[in-house]
Amino acid sequence: MNTRLNGDGVGAHSRPYQICTNCIMDTSDSSIVFDENGRCDYCANYYNNILPNWQPNEIGMARIMKVIENIKKDTKGQTHECIIGISGGLDSSYVAYVAKEIFGLNPLLYHVDAGWNSDISTNNIQKIVDGLGLELYTDVINWNEMKDLQRAFIKSGSPDIDTPQDLVFFSSLYNFAVKNGYKYILTGGNFSTECVREPLEWGAYYQTDMRYVRDIHNRFGERKLKTFPTCDIFKYKILYRVLHGVRVVKPLDYLPFYKEEATRLLEDKFGWQRYQHKHHESRFTRFYESFWLPRKFGFDKRKNHLSSLILTGQLSREAALERVSRPELPEDELQKEFEFVAKKLDFTVEELHRHFEGPNKTYRDFKNNAKLVALGTKVMQLLGLEKRAFK
Ligand SMILES: [Zn+2]
């Protein structure tokens, strides 16, 4: 078993190590830029672009209530005014609470079971459904197809091995909404816990670039994807938005949303259970972010998650540094998870280990639409529709 330590310097870059003096992003992001005070470009983006436009207060609340009133008018007579994709994680659970209890909406909760739900997440979804008296619709993904695409990504050497899950969550929700005539999608996307977005190279390449997904599957897949839901980024951005008028609303940016307070509220009101870390509602994502990505590639997503909390005043830089100085899970648990993931994906432990030790690739090694997507993002930023920095 590999014994490389978590983190810094494992990535293939030759820059001297440097860490931001304000957050904890560092040169494990090969494209990070520092100013003369040692502050990084993520911090600059936060202070210059996000903060001035972010109003999680009465002003924001007044703005979002207008949007909600329009949604209510526009959907008069419908049982559900909107749809919310729920994973059992904090952000989506909290947005369900806000929709029902603060906005007075009756959203349809929509869940995708891709085979990796943790017990806590399944429980949390039920607690939210029962506690708020909402209706839940669950789509179960064909496991053999899911498994084949996940195996293909692992065999490819790409860091984006969580793309199959991201793709299926995203595509299922949007396809379901369009098919069933839902115009409004409320998401838990927010600046408060996500204002520092990991760079694309950290296994965060666009999950809806179907040219990339298809190339990896064509090369490493073993069965046809007949029912696997997909939604190409252009279909989503152009067809769904323009033609079908699908609107995405992110309510959590308009009201105070703090991780600890929100967690406590869900615990107290619904018996919801907290996770050790963001994205741990999926057992695969937990393994990917706490083992595969940091140890194979040197990318630790806790750095951007915790930097978001630092910038928004929810965590001290010292506490964040302490947290990333050690692995997120105990070594014996990581070994057990390695065996669990291998078995579930029909790899022997030795096979999965061989892929783990295999050459590291990036999305650039495969067919992709990166240039086209970058152009689209640039246009969105110029139009003021995208505030986060993608790079
Ligand atoms: Zn910084």
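Is Cys 20 buried or exposed? In this predicted model, Cys 20 is buried, because its relative accessible area is 0%, well within the cut-off of under 20% for a buried residue. Cys 40 is buried too, with a relative accessible area of 2%.

Let us look at what these cysteines do around the metal. The zinc ion has Cys 20, Cys 23, Cys 40 and Cys 43 as its protein donors, each through SG and lying 2.3 Å from the ion. Along the chain, these donor residues follow the spacing C-x2-C-x16-C-x2-C. Cys 20 and Cys 40 link distant parts of the chain, 20 residues apart, and each sits in the segment before α1 (41-50). The arrangement is tetrahedral because the four donor atoms subtend angles of 105 to 117° around the zinc ion. For four tetrahedral donors, the ideal angle is 109.5 degrees.

Now turn to the aromatic rings, which form 28 pairs. In one of them, Trp 54 and Phe 191 have ring centres 5.9 Å apart and planes at 75°, so the pair is edge-to-face. Since Trp 54 belongs to the loop between α1 and α2 (58-74) and Phe 191 to helix α7 (residues 191-194), the pair ties together parts 137 residues apart in sequence. Trp 54 counts as buried at 12% relative accessibility, and Phe 191 counts as buried at 12%.

Phe 291 and Phe 338 also make an edge-to-face pair, 5.5 Å centre to centre with 70° between the planes. Phe 291 is in helix α11 (residues 283-297) and Phe 338 in helix α14 (residues 331-344), so this pair ties together parts 47 residues apart in sequence. Both residues, Phe 291 and Phe 338, are buried.

Technical notes
Residues are numbered from 1 along each chain as its sequence is written. This is a predicted model: local features need pLDDT of at least 70, side-chain atom pairs count only at pLDDT 80 or more; totals for chains, interfaces and linings use all residues. Side-chain values use heavy atoms; hydrogens and water are left out. Donors are N, O and S atoms within 2.8 Å of the metal (3.2 Å for Na, K and Ca); water is not among the atoms, so sites may look incomplete. Four donors count as tetrahedral if all angles lie between 85 and 135 degrees; four count as square planar and six as octahedral if opposite donors are over 155 degrees apart and all others between 65 and 115; anything else is irregular. Helices (H or I, at least four residues) and strands (E, at least two) are DSSP runs, numbered from the N terminus. Buried means under 20% relative accessible area, exposed over 50%, partly exposed in between (1.4 Å probe, protein chains only). Rings of Phe, Tyr and Trp (its six-membered ring) pair if their centres lie within 6.5 Å; planes under 30 degrees apart count as stacked, over 60 as edge-to-face and the rest as tilted.
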